[in-house]
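This briefing covers one protein chain. Please look over the sequence and the structure before reading the notes.

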Amino acid sequence: MTVAKLTSQRICTSMVGKVGKVASASTNGTTRRLRTQSQGLASRRNVGALGLRARAAAQVRSSVVMAAGVPAELPSTTFKVRVRDESIGGDNPFKWVDVTSKELFGGKKVVLFSLPGAFTPTCSTYQLPGFEKLFGEFQANGVSDVYCLSVNDSFVMNQWAKAQGLENVKVIPDGSLEFTNAMGMNVQKDNHGFGQRSWRYAVVAEDMKIVQTFIEPGKCENGSVDDDPYGASSPENILKYLKGEEFDAGA
């Protein structure tokens, strides 16, 4: 074989090898591009699906039932309270006083119940007067004090207590939701024009430690006109617990 033919053959073999490598690289590159495009499309589809689900969830937020998430102890907060002080004189002898939850609940056994708002029907007709009427039974079962808390200011709570003729149950204003937020019980009630309020619940606590909860079921935001259940947090039900009888803990 001549040198010219051998050289020519080597060149052809080399070219074939290079062409094969180029073709292989091209094929591999195409495969990688297709795989990347496929993964990108799948990712976009997943993101799109998540977005749709998020939008759908937001649209039906009013019917989403939420977990309670109650802390182990009553939150340490400060309440802004208007108290009567005759030394002030005049037609409005009241002053502002800061009262801490430790001062109210510490070192004793208490019942605390919270509700959507002062002067509202269920609260004024059944729950608050029920606790006031049965206060003696609560004391007989080891409870020192019964407190009613609502997301209202102290002026409103004082007037509600006056209208109810309260002598035993003590009212607590939580107008800024500091306590309600810490309890995980804040809900939106814009459907009633209430804004942010407390879900209806009650607790029995000993020296700030929550020993039993009574949370009305179906906790939600901006629910229907019938979104204010009442039963688990009633004074009659809580007395059953204190007496060692069968009771409804609610949610």
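The model is predicted. The protein chain has an average pLDDT of 79, and 71% of the residues score at least 70. Its largest nonpolar core holds 25 residues, and a second, separate core holds 22.

**Confidence**

- Residues 1-34 keep a pLDDT under 50, and the model gives this stretch two contacts beyond four places in sequence.
- Residues 40-67 also stay under 50 in pLDDT; for this stretch the model has 14 contacts beyond four places in sequence.
- Where pLDDT is low, the predicted coordinates should not be read in detail.

**Nonpolar cores**

- Within the largest core of 25 residues, those with the most contacts are Phe113, Phe138, Val146 and Ile238.
- Strands E3 (109-115), E4 (145-150) and E8 (201-206) each give two or more residues to this core, as do helices H3 (121-133), H4 (135-140), H5 (154-164) and H7 (235-242).
- Beyond its neighbours within four places in sequence, Phe138 contacts Val111, Phe131, Val143, Val146, Pro235, Ile238, Leu239 and Leu242.

**Phe179**

- Phe179 sits in helix H6, which spans residues 178-182.
- Phe179 is buried, because its relative accessible area is 0%, below the 20% cut-off.

**Asn237**

- Asn237 belongs to helix H7.
- With a relative accessible area of 7%, Asn237 is buried.
- Not counting residues up to four places away in sequence, Asn237 touches Phe214, Gly231, Ala232, Phe247 and Asp248.

**Cysteines**

- Zero disulfides are found in a search of the whole structure.
- Cys123 is in no disulfide, and the nearest cysteine sulfur, that of Cys148, is 7.4 Å away.
- For Cys148, also in no disulfide, the nearest cysteine sulfur is that of Cys123.
- The sulfur atoms of Cys123 and Cys148 do not count as a disulfide because they are 7.4 Å apart, whereas the definition requires them to be within 2.5 Å.
- Cys123 is buried, at a relative accessible area of 0%.
- Cys148 likewise counts as buried, with 0% relative accessibility.

Terms used
Residues numbered from 1 in each chain as written. Predicted model: local features only at pLDDT ≥ 70, side-chain atom pairs only at ≥ 80, totals over all residues. Heavy atoms only, no water. Core = buried A, V, L, I, M, F, W, Y, C linked by side-chain atoms within 4.5 Å. Buried < 20%, exposed > 50% of the residue type's maximum accessible area, 1.4 Å probe, protein only. Helix = DSSP H or I, 4+ residues; strand = E, 2+ residues; numbered from the N terminus. Contact = heavy atoms within 4.5 Å. pLDDT = per-residue confidence, 0-100.
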